[in-house]
Amino acid sequence: MIERWESDDPFDARLARSATGLLESFNKEGVLTAADVHVATRAAALAGEERDEVRLAVALAVRAVRHGSVCVDLAALRETEETLPWPAATGWLEAVADSPLAEQSVVQVEDGLLYLDRYHREEGQVRDDLLARLASLRPVADESLLEATAARLFPGEGYAEQRDAALAAARQSTTVLTGGPGTGKTTTVAGLLALLTEQSATPLRIALTAPTGKAAARLQEAVEGAQRAPQFTEADRARLNGLTASTLHRLLGWRPGSSTRFKHHRTNRLPHDVIVVDETSMVSLTMMARLLEAVRPEARLILVGDPDQLASVEAGAVLSDLVAGLAVRSPDAVAALRTTHRFGGAIGALAAALRDGDADAALDVLKSGDPAVELVDPADETAMASVERDLVTHAVALHEAALAGDAAGCVRMLDESRLLCAHRDGPWGVSHWNRQVERGLAETTGEPLGIGWGHEWYPGRPVLVTANDYGLGLFNGDTSVTYQDAAGDLRVAIAGGATYAPSRLGDIETLHAMTVHKSQGSQARSVTVLLPPDDSPLLTRELFYTAVTRAQERVRIVGTPDAVTAAITHRAQRASGLRQRLGHE
């Protein structure tokens, strides 16, 4: 089924009033927006292309990128809804390939897929750079020492998966380290870094990085925590002392006026000997292309992530493509960790059922009565009142700590409870539930708190940074809490220690609730997940799995059994040619 937009507003900005022919039909059907139509129309006019079916194909390629795909498979798309006024299947893609738009490199056709030129080039660059790296081995200075140290850092059968993964990564230039939450990815990374630093006669320059500030902070904390294990010696810790993590944007070097070009590139490489990228599932195709071109050929690159999680907000599903493509071309480059060590039985069983696509098993876990998991019927008014009461209780506790000036306590409290939504708007969306919690907070405290009372800023307001601010050192995904300092002024404490006046913050939003996409790279002790109705196009297995695996101790699912089943059976579909291009000889 093709995701469509709907509106009864005749002045909706998505309506393309000047569209004609097939573009007009697909716009009125809610398949294309005005932006898709205008880009295709303008590009066709500049290239001298007048054929209706070619302009439609270009608009669909633009739409695909907007929905997270790198390209579009016109034949497959046509089969999803045959009731639409599609052009004749025979010769449609060939017409695009022979058009002036292809001759002038506006679009590209390869392996039956239609690309906008930029994404075709980036996909080819990722393939070429990755295959070049995989072709070069990294000899180990002292093989016997490597084996002995690995046995010390990863002792016994309980660490066998991590030990094998670390040894494989130490012997090659590029490794994709995969596994779900709690499988020991960070433990493996810390041990691997200890192995590599011991092998080097000079100190290694090591970069730890992740797509968001929150994910980078968690990576650094986790690597530091892993080093406190007894199998790490003081010499190991000394060699790894001073490691810090940063966002990918900061690592590559932000350039004013561009979000896709950086200071480090193919002619100005990063100086690091080892680069570890966590939460790689969040990395878009464009960012992966920028990273690979900036890494020195002789440097080691370790890409860490969970391919079952949601893909990046921008175009591409790079991690899952790498795992699938390299399984054909270079299976040794992928090290998979499968044994979970973190979760209790119920959350682990639920995550496994989601990963396996077993809706019946997932519902059995949710209905088992285990206190770590709960399924709440949204039609049950008493149960929903309890959900809202718990959320307001957490907000009140945050408010009281903020009034007391406990900035560090407020930041820690943020990770006690988290409300995750699939949608931004509507009754199941972030905006609605942020207002609901603020209303409950105002009623409980008797104070006019929240945007509904005209008080956007108040002690205890949790805040999410939604865009990078290099001047302030703030990054998309950073979390913070507003508190009252000793002078009675409001300050915003960022996780990590810095504080700012509210007036200095630009791109932020209230964080009583957040989208599942925004939650990637973070965790909370207790998580409540609001599933939308079962006909929501956002309801996918990847979204559900990502939401559930944010929980450390308890997860509560608000949704019907039908919504749970729909989420598990509906996979997020992103068109890409990377896995095929990696697999080709």
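A cavity, on a 1 Å grid over the protein atoms alone, is a set of points where a 1.4 Å probe fits but cannot get out, and its lining residues have an atom within 4 Å of a point. I noted for myself that this is a predicted model, where local features need pLDDT of at least 70, side-chain atom pairs count only at pLDDT 80 or more, and totals for chains, interfaces and linings use all residues. Residues are numbered from 1 along each chain as its sequence is written, and side-chain values use heavy atoms, with hydrogens and water left out.

**Cavities**

I looked up the cavities and found four of 30 Å³ or more. Volume here is the space filled by probe spheres set on the grid points, which are joined across faces, edges and corners. The largest cavity holds about 120 Å³ of space. Which residues line the largest cavity? I listed Leu391, His394, Ala395, Leu414, Ser417, Arg418, Leu419, Val437, Pro462, Leu511 and His512. Helix 18 and strand 13 (417-421) are the elements that give two or more residues to this lining; helices (H or I, at least four residues) and strands (E, at least two) are DSSP runs, numbered from the N terminus. By class I got seven nonpolar, three polar and one charged. In this scheme Ala, Val, Leu, Ile, Met, Phe, Trp, Tyr, Cys and Pro count as nonpolar, Asp, Glu, Lys and Arg as charged, and the others, Gly among them, as polar.

Next I took the second largest cavity, with a volume of about 50 Å³. Its lining is Asp308, Leu354, Arg355, Arg541, Glu542, Tyr545 and Arg571. The class count here is two nonpolar, no polar and five charged.

**Helix 18**

I went back to helix 18, residues 381-403. Its 23 residues reach 32 Å from first C-alpha to last, close to the 33 Å expected (1.5 Å times one less than the number of residues). Buried means under 20% relative accessible area with a 1.4 Å probe, protein chains only, with exposed over 50% and partly exposed in between. The buried residues of helix 18 include Leu391, His394 and Ala395, each of which also lines the largest cavity. What caps the N-terminal end of helix 18? Asp380 does, with a side-chain oxygen 3.1 Å from the backbone nitrogen of Thr382. After the helix comes Gly405, with a positive phi near 80°.

I checked Thr247, in strand 6 (residues 245-247). Is Thr247 buried or exposed? It is buried, at 5% relative accessible area. Its side chain reaches the backbone nitrogen of Arg250 at 3.1 Å. Leaving aside neighbours within four places in sequence, I found Thr247 in contact (heavy atoms within 4.5 Å) with Thr209, Ala210, Pro211, Thr212, Gly213, Ala216 and Phe475.

A pocket is an open set with protein on both sides within 12 Å along at least five of seven lines. The second largest pocket holds about 630 Å³ of space. Among its 26 lining residues, Gly213, Ala217, Arg218, Ala495 and Gly496 are the closest to its centre. Strand 6 and helix 11 (213-226) are the elements that give two or more residues to the lining, and helix 11 brings the largest share, seven. I logged 11 nonpolar, nine polar and six charged residues there.

How values were computed:
Polar contact = N/O pair within 3.5 Å; in protein donor to acceptor, adjacent residues only side chain to side chain.
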